[in-house]
Every structure is written in structure tokens, then in C-alpha cells.
Amino acid sequence: MARPQAHRSGTHDRPHAGLSRRSLLAGAVSLGMAGALGAAGCGRVPDDGKVLGGSLLETLRDQGSVKIGIASEPPFGYVGDDGRATGQAPAIAEVVFKRLGIDEVRPVPVDFGALIPGLKARQFDVVSAGMYINPLRCEQVLFADPDYLMLDSFIVRKGNPHGIRTYEDVRRKGLRLASGKAYAQIDYARAAGIGDVLVLPDQVAGIDAVAQGRVDAFAGTRITVKSAVEASGRVSATEPFQPVVDGKPAYGAGGFAFRLSEKNFRDAFNEEVLKLKQNDYRELLEIVGPFGFGMDDMTDLTAKELCG
């Protein structure tokens with residue numbers, strides 16, 4: 001499938017403002033927990049909403065290491081068997097931080113809903129979890145430009161007997177849908193008029209539910225669905241598709257997040273990310289390819305566009 005022109009800045013409608021790879025519930029949890037976790041952070045923390053230049057990058061260069069917050073979610077970011085951070089986002093982080101003069105990357109695994117509060121509480125220095133960029137989160141953190149744009153897909157029974165292609169198909173045919181805990185796909189389904197979505201722990205549970213006939217489809221990102229069905233002979237994946245909310249594309253574009261007080265850090269990191277995208281994303285694809293990302297997942301959308 002060719003990379004849709006709608007992914008390119010200047011040729012698409014304004015991205016839909018209300019959704020993310022992880023549900024906005026996670027963003028709400030972040031808001032609710034931020035105050036409590038903030039007290040645990042050392043040093044003076046700027047007022048919420050205040051963007052400052054910051055000097056963290058120089059501090060990290062001096063100490064030679066950086067802590068990254070991850071959510072233990074393959075293939076976006078997780079801890080490997082060797083105890084080191086791996087996945088799409090940590091792989092990018094290792095390359096970029098070395099170019100910024102920081103040799104050691106130390107993972108700090110937390111629940112997804114604790115990523116933004118943990119960042120604000122200085123439990124780690126940057127969120128490296130492929131976090132979807134949306135206006136709610138942009139009020140709390142600074143994002144680098146996205147390093148991927150992900151389409152959705154369904155886990156269905158072999159042969160896709162119901163001909164499911166979109167959320168509208170599920171609603172129109174009165175089918176039963178499931179998705180993962182805190183997945184953005186729950187929001188997409190509800191926006192399409194699907195009122196009852198079975199929430200399961202993950203895509204593995206989704207495979208079982210579909211194969212057993214408890215649901216007709218399980219919604220997830222293209223990459224998580226594809227990796228889940230590859231080892232199963234009971235189910236298959238539908239063709240990737242672009243979710244639409246209120247008539248507009250709901251772009252699932254993820255990137256790295258920084259504290260509002262560290263604009264200089266974000267800007268320096270972002271400059272290196274943009275270099276990785278040069279020459280038709282060649283260098284970026286070399287980094288993320290081993291985790292299942294390809295040209296279809298590349299984007300030149302900006303954080304500014306996604307923040308609205």
C-alpha cells in the first residue's frame with residue numbers, strides 16, 4: 001500500500017484533535033495524578049503550562065546518561081531479556097542521544113497512564129513510548145515531531161466472513177467488537193456509533209475472543225494486530241485503514257515527550273529526528289524496520305499540527 005498523500009504536511013486536513021493511541025482516559029489519569037507525583041520530584045518544578053528554555057541537556061551530557069520512560073508495550077517500547085530498553089522508540093532514542101553526546105540510555109518502565117505524571121515528577125527525563133500526540137497532552141508536555149503514523153486493523157476469523165473493513169462496517173452490520181485496555185480504538189469505535197465495546201487486556205486475549213466467537217473483531221493498531229496474528233492459525237488481520245472521526249482523519253502519530261521546562265532539550269532532540277527523516281526516511285527506516293515499521297508508517301506531520 002502506497003503511503004497516502006494525506007500523511008504529508010500541507011496536503012491533509014487538520015488532524016482530529018480528540019484521540020490518541022492510548023485512550024484519552026490515560027490523559028485524564030495523567031492530569032489527576034500529576035499533582036501527587038509532582039511532590040515526589042526533586043528541584044523546583046515550573047508552574048503547569050509554563051514553557052521555559054531549560055538546561056537539562058547540558059546536565060545529561062555531563063553525567064553521560066538519560067532516563068527514558070517506557071510503558072512495556074511491544075513493539076513501541078519495552079525492556080528486553082538483557083534488561084536494556086528496546087522497541088521502536090528506545091531504538092530511536094539511543095541513536096539520537098548518542099548524537100547529542102549522551103551514551104547511556106536507562107529505561108524506567110511504568111504504566112502508560114503514569115508516563116506524563118512520571119515525566120513531570122522527574123522520575124525520568126523523556127517519554128520514549130511512541131505516545132500519540134494530541135491537544136490534551138500538548139497542554140502538559142512538549143512533543144518532538146512524530147516519528148511514525150499508524151493505521152488501524154482488525155483481528156477477524158480466518159477469511160473475514162463478515163467482510164469487516166472499518167468501524168462503520170461493525171456498526172452497520174450489528175457485529176460485536178473488542179479492543180485492548182485504554183486503546184484509542186475504543187474511542188474510534190464509539191465515535192462511529194458502536195456503543196458496546198468489550199475491553200480486553202491485550203491483543204492476545206483478542207485473538208482468543210475472536211477465535212471462540214465471543215466477538216466478531218478485535219481493533220488495534222496495524223502493527224500490533226499484524227504481529228499478533230502471525231503466530232496464530234485461527235485468525236487473520238484485515239487490511240490497514242485510516243480511522244475517521246466527525247468526517248476527519250484521526251491521525252495516530254506518536255513521538256517523544258519532554259517537560260514544559262525543557263524546550264531547549266526538545267528542540268535539540270527534534271533537530272536530530274528531522275535529520276533521520278531526510279533522504280526519504282532512509283536512516284529512520286533502518287532503525288525502526290526491525291520492529292515492523294515501514295514506509296507506510298512514516299509521516300512529515302508536525303507536533304504543532306497535531307497539537308492544534
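**Contacts, confidence and a helix pair**

Trainee: Among contacts between residues at least 6 apart in sequence, what share joins residues at least 24 apart in this chain?

Mentor: In this predicted model, 75% of the contacts between residues at least 6 apart in the protein chain join residues at least 24 apart.

Trainee: And how many helices and strands are there?

Mentor: The secondary structure of the protein chain comes to 12 helices and 15 strands, and buried residues account for 54% of its 308 residues.

Trainee: What about the accessible surface, how much of that belongs to carbon and sulfur atoms?

Mentor: Carbon and sulfur atoms hold 49% of an accessible surface that comes to about 13,000 Å² for the protein chain.

Trainee: Switching to confidence, what is the mean pLDDT?

Mentor: The mean pLDDT of the protein chain is 86, with 83% of the residues reaching 70 or more. Over residues 1-14, however, the pLDDT is below 50, although this stretch has 35 contacts in the model beyond near neighbours in sequence. Residues 23-46 also have a pLDDT below 50, and that stretch has 43 such contacts beyond near neighbours in sequence.

Trainee: Now the helices: at roughly what angle do helix 3 and helix 11 cross?

Mentor: Helix 3 (residues 88-99) and helix 11 (residues 278-288) have axes that come within 8 Å and cross at roughly 125°, which means that helix 3 is oblique to helix 11.

Trainee: Which residues meet there?

Mentor: From helix 3, Q88, A91, I92, V95 and R99 meet E283, L284, I287 and V288 of helix 11. The residues of this contact divide into 6 nonpolar, 1 polar and 2 charged.

Key
Residues are numbered from 1 along each chain as its sequence is written. This is a predicted model: local features need pLDDT of at least 70, side-chain atom pairs count only at pLDDT 80 or more; totals for chains, interfaces and linings use all residues. Side-chain values use heavy atoms; hydrogens and water are left out. Helices (H or I, at least four residues) and strands (E, at least two) are DSSP runs, numbered from the N terminus. Buried means under 20% relative accessible area, exposed over 50%, partly exposed in between (1.4 Å probe, protein chains only). Contact means heavy atoms within 4.5 Å. Accessible areas come from the Shrake-Rupley method with a 1.4 Å probe; for residues, only the protein chains shown count as cover. pLDDT is the predictor's confidence in each residue, from 0 to 100. Axes are lines fitted to C-alpha atoms, for helices over the stretch in contact, and angles run from 0 to 180 degrees between N-to-C directions. Angles under 35 degrees count as roughly parallel, over 145 as roughly antiparallel, 65 to 115 as roughly perpendicular and the rest as oblique. Ala, Val, Leu, Ile, Met, Phe, Trp, Tyr, Cys and Pro count as nonpolar, Asp, Glu, Lys and Arg as charged, and the others, Gly among them, as polar.
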